[in-house]
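Colleague: I have a model open and want to go through it with you. Can we start with the charged pairs?
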Amino acid sequence: QVQQNVERLFTRFVEEGKATVRLREPAVDLCLSKANVINLKTFLSAVRLAHQGNDTGVLPLSPLVPAKNSDVEKPKTKMIITSRRDYPLTKSFPFSLEHLQTSYCKLARIDTRVLCLKKLRKLDLSHNHIKQLPATLGDLVCLQELDLHDNHLEAFSGALCSSGLQKSLQFLDLSQNQIQALPIEFCQLRGLVQLRLDDNALLRLPCRIGQLSRLRFLSAARNKLPFLPSDFRKLSLENLDLFGNPFEQPNPLVPNIQLKIPSTLLECAARATVNHRIPYGCHLLPSHLCKDLEVAKTCRCGSACLSSFIQITVTMNLHHVAHTVVLVDNMGGTDAPVLCYFCSLDCYSQFLDRHLQSNG
């Protein structure tokens, strides 16, 4: 069906026997090459008339001759560009692309033409100068691998974590950027299997990182992590690399006490909501309270606490969460400090008694 179905005709290289007809439905590009120039021009004229609903019978079209297999170009699914010189400035990217690499092209932002490639499964934008990611990147609902290695990123948008990437994204490389923290929403990327965060300026990992139940490969070497979040214990990894972080020496005897006695009404309500799994949402509560509840801390006894708690760091052997562990330091250690919370003085006292007995 051609009538009212031609999105655009690309005829810049028609004198070379090349042209492209972009259809609306199905959304495909018909690429013509090695054509007889006169026949090609006649064909394009017929397409224009057919699109407008005019009679094409008056045109002297040549009889159709079956094309040879060698003359038929298959839809292009992969394109690799590794220099600024080869980057297409006037030509569009084929809509059929599933794998696109544009590295070492000095890109300061993601090309909007790339964001129209709905079939993309792998996008490699490494070794560029990208500072910010557009929210529309989340519209690439088939995207499984995203490589942003060696750019100038300072953040990873929470909007991307709430987009279609939640289900599709399996591999994410944010290494060699300038990221200090990841958003609360980052752990909504539940499909992640491999995550690379090396050589950034991370001061902390996402507090709900344990929700990444499919994660098997995690690398966050050479950052500024002083400790790991308590949720880190829930991970089940095959390979873990945290080398080169300035981890603090755990000291359970020096707690950070944030207890408010008596507890505020907000604290009591928040604990009850989490402990009893009472449904809530932005249609019931202000959005900032919903975010607070989503990152509520969990005491060793299993109870929740919001802003009234006791915090310490304890030692955890990383082999408890990963089969293969890259040494944390040059001394051959595989231990790291992890945060631990208590909802009351009673819970902390019980822990302290057991800790002193085991070390006494």
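Modeller: First the rule: a salt bridge is a side-chain nitrogen of Lys or Arg within 4 Å of a carboxyl oxygen of Asp or Glu. This is a predicted model, so local features need pLDDT of at least 70 and side-chain atom pairs count only at pLDDT 80 or more, while totals for chains, interfaces and linings use all residues. Residues are numbered from 1 along each chain as its sequence is written, and side-chain values use heavy atoms, with hydrogens and water left out.

Colleague: How many salt bridges does the count come to by this rule?

Modeller: The count is eleven salt bridges. One of them joins the side chains of K122 and E145, at 3.9 Å from N to O. K122 is in strand β6 (residues 122-124) and E145 is in strand β7, so the pair ties together parts that are 23 residues apart in sequence. Helices (H or I, at least four residues) and strands (E, at least two) are DSSP runs, numbered from the N terminus.

Colleague: Which residue forms a salt bridge with R222?

Modeller: D199 does, with the closest N and O atoms 2.8 Å apart. R222 sits in the loop between β10 (217-219) and β11, and D199 in the loop between β9 (194-196) and β10, so this pair ties together parts that are 23 residues apart in sequence. R222 is partly exposed at 42% relative accessible area, and D199 is partly exposed at 27%.

Colleague: And where do E267 and R271 lie?

Modeller: Both are in helix α4 (residues 265-275), four residues apart, about one turn of the helix. E267 is buried, with a relative accessible area of 1%, and R271 counts as buried at 17%. Elsewhere, salt bridges that share partners join D173, R196 and D198 into one network.

Colleague: D173 turned up when I clicked on H149. What does H149 touch?

Modeller: Not counting residues up to four places away in sequence, H149 touches S126, H127, D173, S175 and Q176. Contact means heavy atoms within 4.5 Å. H149 is in the loop between β7 (145-147) and α2, and is buried at 17% relative accessible area.

Colleague: Changing topic. How many residues has the largest nonpolar core?

Modeller: That core has 77 residues, and those with the most contacts inside it are L123, F156, F186, L218, L228, F232 and L318. A nonpolar core here is a set of buried Ala, Val, Leu, Ile, Met, Phe, Trp, Tyr and Cys residues joined through side-chain atoms within 4.5 Å.

Colleague: Which element gives the largest share of this core?

Modeller: β17 does, with six residues. The core also draws at least three residues from each of domain 2 (78-224) and domain 3 (256-316 + 337-359). Domain bounds come from an automatic or database domain assignment.

Colleague: What is F186 in contact with?

Modeller: Leaving aside neighbours within four places in sequence, F186 contacts F156, C161, L172, L192, L195, P206 and L212. There is also a second, separate core of nine residues, including V6, V21, L44 and V47.

Colleague: How far apart do domain 2 and domain 3 lie?

Modeller: Their C-alpha centres are 34 Å apart. Four residues from domain 2 and five residues from domain 3 take part in the contact. The assignment also gives domain 1 (6-52).

Colleague: Last one, the surface. Which residues make the nonpolar patch of about 280 Å²?

Modeller: L253, V254 and L356 make it. Patches are made of residues with over 30% relative accessible area and no salt bridge: like charges are joined within 9 Å, nonpolar side chains (Val, Leu, Ile, Met, Phe, Trp, Tyr) within 5 Å. Accessible areas come from the Shrake-Rupley method with a 1.4 Å probe, and for residues only the protein chains shown count as cover. V254 is in the loop between β11 and β12 (256-257), and is exposed at 56% relative accessible area.

Technical notes: Buried means under 20% relative accessible area, exposed over 50%, partly exposed in between (1.4 Å probe, protein chains only).
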